[in-house]
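The structure is shown first, and the notes follow by topic.

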Amino acid sequence: MSGIYIHIPFCKQACHYCDFHFSTSMGKKEAMVAALRKELVMRKDEFKEEMVETIYFGGGTPSVLETIEIQSIIDEVYKNYKVTDNPEITLEANPDDLSTEKIRALSESPINRLSIGIQSFFESDLKLMNRAHNAFEAENCIREATTYFDNISIDLIYGVPDMTSERWSENIQKALSFGIPHISSYALTVEPQTALASFIKKGLIKNVDDEVAQAHFHILSETLEAAGFESYEISNFGKPGYFSRNNTAYWQQKKYIGIGPSAHSYDGVRRGWNINNNPKYLKAIEQGELPMETEVLSVTDTYNEYVMTGLRTIWGVSLSKIKSDFGNFFYDYALMQAEKHLQDHFLYIDGDTLLTTQKGRFLADGLASDLFMVNLE
Ligand code: SF4
C-alpha cells in the first residue's frame with residue numbers, strides 16, 4: 001500500500017501560528033499546477049511496483065485550486081501510476097473556499113474525502129489565529145459539505161489563549177452536532193518565527209499553557225470516545241470505518257511520494273524532502289531536475305520513528321518487531337527505558353505490544369523520546 005501526497009503551497013493569508021510552507025501570492029498558481037503534474041510524471045518509476053491507495057492534497061490550502069486544476073492533477077496520477085479501485089482521495093479545504101458550488105463540483109470529481117480546517121467555531125479564536133474564515137462560514141460549510149460528502153474530517157485547535165474549558169466543550173459539541181465521522185485536533189503550539197511567537201513575546205497575547213492544553217485534551221478524548229469515536233492516534237479520532245487511510249499508512253511506515261515544494265517522501269529506506277521555495281522549485285522542475293535532498297535512515301532513526309509513531313497510535317509498539325527488526329540490544333533498551341513509565345501507568349503491555357494508557361496519551365511524545373536511542377552510527 002502506497003500513497004501520493006501533493007503539496008499546494010498557497011494560502012490566502014498567513015495564520016498567526018503557522019510555520020508550514022506556503023506563499024500568499026497566487027501569481028504562479030497555474031505554473032505550479034503544471035510543475036506538480038510534471039513532477040508526477042518525472043517520478044512515476046519510483047512506484048513501478050506499487051499500487052496507490054491514497055492521494056492526499058495538503059498544504060498550504062489546496063482548496064484555492066479550481067476543481068478543474070485538482071482534476072488535472074488526479075488525471076496525471078491515473079495516467080502514470082497504478083491506482084487501486086477504491087482509493088481514498090482527500091482534499092484539505094478551508095471554509096472560505098467552500099461555497100455550495102465548489103462543494104458540489106468537488107463531489108463530482110474523484111475527491112471522496114474532505115478535511116476542513118475549521119479550527120474553532122468562535123469568532124474570537126479565529127481572529128486570534130488570523131484565520132481567513134469567520135464563525136458563520138465555519139458552520140455553514142460543514143452543513144453544505146455533509147449534503148454532498150459522507151467522509152468528512154474537521155480540524156480543531158485547543159489550548160488557545162483565553163479559551164475556557166466551557167468554550168472548548170462547546171466547540172466539540174458543535175462539531176458533533178453535524179454528525180461528521182472524523183476529527184483531527186491539535187494543541188496550539190508556538191513555533192519560533194511566527195507572528196504568534198512575536199505577539200506573545202511583546203505581551204500582546206497570553207502564552208499558551210500546557211496544563212490548559214492537557215485539560216482540553218482530556219475533555220476532547222472523553223467527549224469523542226463517549227460519542228463513538230476511536231482515538232486511533234493522539235490527535236486523530238474517527239468513527240469505525242473512517243480512520244484516515246493516508247495517515248494510517250504514514251504511521252505504519254508505508255511508502256509515499258511527496259510532490260510539490262517542501263513535500264516529503266519515504267521509500268522504506270530513504271527519506272526525501274523537496275526544496276521549500278516556490279520559485280526555486282518551479283525553476284528546477286521546468287529544467288527537468290528534481291529539487292530534492294535525501295538521506296538514508298539509519299537503524300537508530302528507523303527505530304526511533306517506529307517508537308514515536310507506535311506510541312502515538314492504538315497499534316502501539318510491537319516488542320517482537322523491535323527484536324526481529326532491530327535486535328536484542330534495542331529490545332532490552334526499549335524495555336529498560338519503558339520500565340518507569342510502566343510503573344507509573346503511563347504505558348502498559350498487552351501481549352506483545354507496548355501502548356500508552358489513557359493517562360499517558362497526552363504525554364506520548366515525551367514517553368517516546370525516553371525510549372529513543374541516541375545515534376550509534
Ligand atoms: S491555512 Fe493552513 S497552511 Fe495556510 S497559513 Fe493557515 S494554517 Fe498555515
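In this predicted model, helix 1 (residues 29-42) and helix 2 (residues 67-80) have axes that come within 9 Å and cross at roughly 10°. The two are therefore roughly parallel to each other, a label for angles under 35 degrees, with over 145 counting as roughly antiparallel, 65 to 115 as roughly perpendicular and the rest as oblique. Axes are lines fitted to C-alpha atoms, for helices over the stretch in contact, and angles run from 0 to 180 degrees between N-to-C directions. Helices (H or I, at least four residues) and strands (E, at least two) are DSSP runs, numbered from the N terminus.

The model is predicted, and local features need pLDDT of at least 70, side-chain atom pairs count only at pLDDT 80 or more, and totals for chains, interfaces and linings use all residues. Residues are numbered from 1 along each chain as its sequence is written, and side-chain values use heavy atoms, with hydrogens and water left out.

**Helix 1 and helix 2**
- Helix 1 contributes Lys-29, Glu-30, Val-33, Leu-36, Arg-37, Leu-40 and Val-41 to the contact (heavy atoms within 4.5 Å).
- Helix 2 contributes Glu-69, Ser-72, Ile-73, Glu-76, Val-77, Lys-79 and Asn-80.
- By class, this contact has six nonpolar, two polar and six charged residues; Ala, Val, Leu, Ile, Met, Phe, Trp, Tyr, Cys and Pro count as nonpolar, Asp, Glu, Lys and Arg as charged, and the others, Gly among them, as polar.

- The axes of helix 11 (residues 299-312) and helix 13 (residues 328-343) come within 12 Å, crossing at roughly 40°, which makes helix 11 oblique to helix 13.
- Val-299, Thr-300 and Tyr-303 of helix 11 touch Phe-330, Tyr-333 and Ala-334 of helix 13.
- The contact of helix 11 with helix 13 has five nonpolar, one polar and no charged residues.
- Helix 12 (residues 319-326) packs on helix 13 at an angle of about 145°, with the axes 7 Å apart.
- Leu-319, Ile-322, Lys-323 and Phe-326 of helix 12 meet Asn-328, Phe-330, Tyr-331, Ala-334 and Leu-335 of helix 13.
- The contact of helix 12 with helix 13 divides into seven nonpolar, one polar and one charged.

**Backbone features**
- Gly-60, in the loop between strand 2 (51-59) and helix 2, is joined to Gly-59 by a cis peptide bond with omega of about 20°.
- Asn-130, in the loop between helix 4 (123-129) and helix 5 (135-148), has a positive phi of about 60° although it is not a glycine.

**Domains**
- Domain 1 (2-251) and domain 2 (299-371) divide the protein, with bounds from an automatic or database domain assignment.
- Their C-alpha centres lie 29 Å apart, and the contact takes 17 residues from domain 1 and ten residues from domain 2.
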